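This report reads one protein model from the inside out. It starts with the core, then turns to strands, salt bridges and surface.

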Amino acid sequence: MMTQFKERRQHVRKMGDGLAVLINGKVFPVVDISVSGVSFQGSGHRPGDSIRLTVAALRSLDDSVEALVTIKATEGGIVRGEFAPTAKLMRYIITHLGEVTGAQPAYFR
């Protein structure tokens with residue numbers, strides 16, 4: 001019997017086009033991202049784990065921000081985590097979402 005995943009996210013996540021997470025020198029593609037969390041392709045993490053990672057632009061891995069993430073779920077090679085928010089992280093994500101959607105971010109003008 002298949003169960004249907006219930007969407008419980010507080011913020012709508014947008015595509016993580018052009019982003020990756022870096023963990024211990026390894027690069028994992030971002031599936032989607034919001035100001036509250038990230039989903040990325042990966043494995044080896046369990047719900048409840050707290051990990052440090054870097055969110056980076058694939059075009060230039062130096063264009064990045066550090067983040068602390070609590071793993072909430074892992075399924076089918078996708079890891080879902082919740083950010084411990086910082087102003088620098090929020091600015092980075094909102095700027096990225098503005099670029100992806102073509103919208104001017106109003107938060108950090």
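## Nonpolar core

The largest nonpolar core holds 23 residues, and Val21, Ile33, Phe40, Leu53, Val55 and Phe83 touch the most other members. A nonpolar core here is a set of buried Ala, Val, Leu, Ile, Met, Phe, Trp, Tyr and Cys residues joined through side-chain atoms within 4.5 Å. Buried means under 20% relative accessible area, exposed over 50%, and partly exposed in between, with a 1.4 Å probe and protein chains only. At least two residues of this core come from each of strand 2, strand 3 (26-33), strand 4 (37-41), strand 5, strand 6, strand 7 and helix 1. Helix 1 gives the largest share, five residues.

Beyond its neighbours within four places in sequence, phenylalanine 83 is in contact with Ile33, Ser34, Val35, Ser36, Gly37, Val38, Val55, Ala67, Leu68, Val69, Leu89 and Ile93. Contact means heavy atoms within 4.5 Å.

## Model and overall layout

The model is predicted: local features need pLDDT of at least 70, side-chain atom pairs count only at pLDDT 80 or more, and totals for chains, interfaces and linings use all residues. Residues are numbered from 1 along each chain as its sequence is written, and side-chain values use heavy atoms, with hydrogens and water left out.

Helices (H or I, at least four residues) and strands (E, at least two) are DSSP runs, numbered from the N terminus. Along the sequence the pattern is β-β-β-β-β-β-β-α. Of the 109 residues in the protein chain, 37% are buried. Take the contacts between residues at least 6 apart in sequence: 46% of them join residues at least 24 apart.

Strand 5 spans residues 50-57. Six of its eight residues are buried, so strand 5 is largely enclosed by the rest of the structure. Two strands pair if DSSP finds at least two bridges between them. Strand 5 pairs with strand 2 in the antiparallel sense, over four bridges. In this pairing, leucine 22 stands opposite threonine 54.

Strand 5 also runs antiparallel to strand 6, and eight bridges join them. Alanine 57 stands opposite serine 60 in strand 6. A hairpin of two residues joins strand 5 to strand 6.

## Isoleucine 23

Isoleucine 23 belongs to strand 2 (residues 19-23). Is isoleucine 23 buried or exposed? It is buried, because its relative accessible area is 7%. Glycine 42 is 19 residues away along the chain, and the two C-alpha atoms are separated by 10.0 Å.

## Salt bridges

Side chains of opposite charge can pair when their charged atoms come close. How many salt bridges does the structure hold? There are three. A salt bridge is a side-chain nitrogen of Lys or Arg within 4 Å of a carboxyl oxygen of Asp or Glu.

Arginine 59 meets aspartate 63 in one of them, at 2.9 Å from N to O. Aspartate 63 is partly exposed, at 27% relative accessibility. Arginine 59 is exposed, at 62%. Arginine 59 also bridges to glutamate 99, with the closest N and O atoms 4.0 Å apart. Arginine 59 lies in the loop between strand 5 and strand 6 and glutamate 99 in helix 1 (residues 87-101), so this pair ties together parts that are 40 residues apart in sequence. Glutamate 99 is exposed as well.

Glutamate 82 and lysine 72 meet at 3.4 Å from N to O. Glutamate 82 is in strand 7 (residues 78-83) and lysine 72 in strand 6, ten residues apart. Glutamate 82 counts as partly exposed because its relative accessibility is 39%. Shared partners join Arg59, Asp63 and Glu99 into one network.

## Surface

The protein chain exposes about 7,100 Å², of which carbon and sulfur atoms supply 51%. Accessible areas come from the Shrake-Rupley method with a 1.4 Å probe; for residues, only the protein chains shown count as cover.

Val27, Leu58 and Leu61 make a nonpolar surface patch of about 250 Å². Patches are made of residues with over 30% relative accessible area and no salt bridge: like charges are joined within 9 Å, nonpolar side chains (Val, Leu, Ile, Met, Phe, Trp, Tyr) within 5 Å. Leucine 58 sits in the loop between strand 5 and strand 6 (60-75). At 49% relative accessibility, leucine 58 is partly exposed.
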